[in-house]
Amino acid sequence: SWSRQTADTPVCVVRCDGEHASGHAFCQNQVPWGYHVMRCTDCRDAFCPTSVDEDCRKDCMDRSSSEYFCNLDPSNTSCVDECEAECLCRDSCEGLVLDAA
């Protein structure tokens, strides 16, 4: 089972009102209330293209660019991967850190 390595590693909540998620079978078959929490990489893979955006990755590794994510250890590849996935699919995968998730 997966768990966050650090408190500032994002986990994502699926936003079924997002452009990519609204037409997805998961969102069409779910009750509109409640949180659907998952790894951001899983959320990105399910709801958005899996292409890599170097700007997202760079921002996740730069403490001054990423206000909430990966500030404890920007070299933590697991955190950066989750942060990048949230960045790539922000309209459908809302990233949360600390006790927000």
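**Exercise 1. Determine how many aromatic pairs the chain holds, and describe the geometry and location of what is found.**

*Solution.* In this predicted model, the count comes to 1 aromatic pair.

Step 1. The partners are Phe26 and Phe47, with 6.0 Å centre to centre and 70° between the planes.

Step 2. Planes over 60 degrees apart count as edge-to-face, and the pair of Phe26 and Phe47 is accordingly assigned to that class.

Step 3. Phe26 lies in helix H1 (residues 25–28) and Phe47 in helix H2. The two are 21 residues apart, and the pair links distant parts of the chain.

Step 4. Phe26 has a relative accessible area of 24% and is partly exposed, whereas Phe47, at 6%, counts as buried. The assignments differ because buried means under 20% relative accessible area.

**Exercise 2. Identify which residues of H2 are buried, and state where they lie around the helix axis.**

*Solution.* Step 1. The buried residues in H2 are Cys40, Thr41, Cys43, Arg44 and Phe47.

Step 1. Viewed down the axis of H2, these residues fall within an arc of 160°, so they line one face of the helix.

Step 2. An α-helix has 3.6 residues a turn, so residues three or four places apart point the same way.

Step 3. The packing partners of the buried H2 residues are S1, H1, strand S2 (37–39), helix H4 (77–88) and strand S3 (93–96).

**Exercise 3. Summarise the chain as a whole: its elements, burial, contacts and surface.**

*Solution.* Step 1. The chain has 4 helices and 3 strands, running β-α-β-α-α-α-β from the N terminus.

Step 1. Of its 101 residues, 40% are buried.

Step 2. Among contacts between residues at least 6 apart in sequence, 69% join residues at least 24 apart.

Technical notes: Residues are numbered from 1 along each chain as its sequence is written. This is a predicted model: local features need pLDDT of at least 70, side-chain atom pairs count only at pLDDT 80 or more; totals for chains, interfaces and linings use all residues. Side-chain values use heavy atoms; hydrogens and water are left out. Rings of Phe, Tyr and Trp (its six-membered ring) pair if their centres lie within 6.5 Å; planes under 30 degrees apart count as stacked, over 60 as edge-to-face and the rest as tilted. Buried means under 20% relative accessible area, exposed over 50%, partly exposed in between (1.4 Å probe, protein chains only). Contact means heavy atoms within 4.5 Å. Accessible areas come from the Shrake-Rupley method with a 1.4 Å probe; for residues, only the protein chains shown count as cover. The arc is that of the directions from the helix axis to the C-beta atoms.
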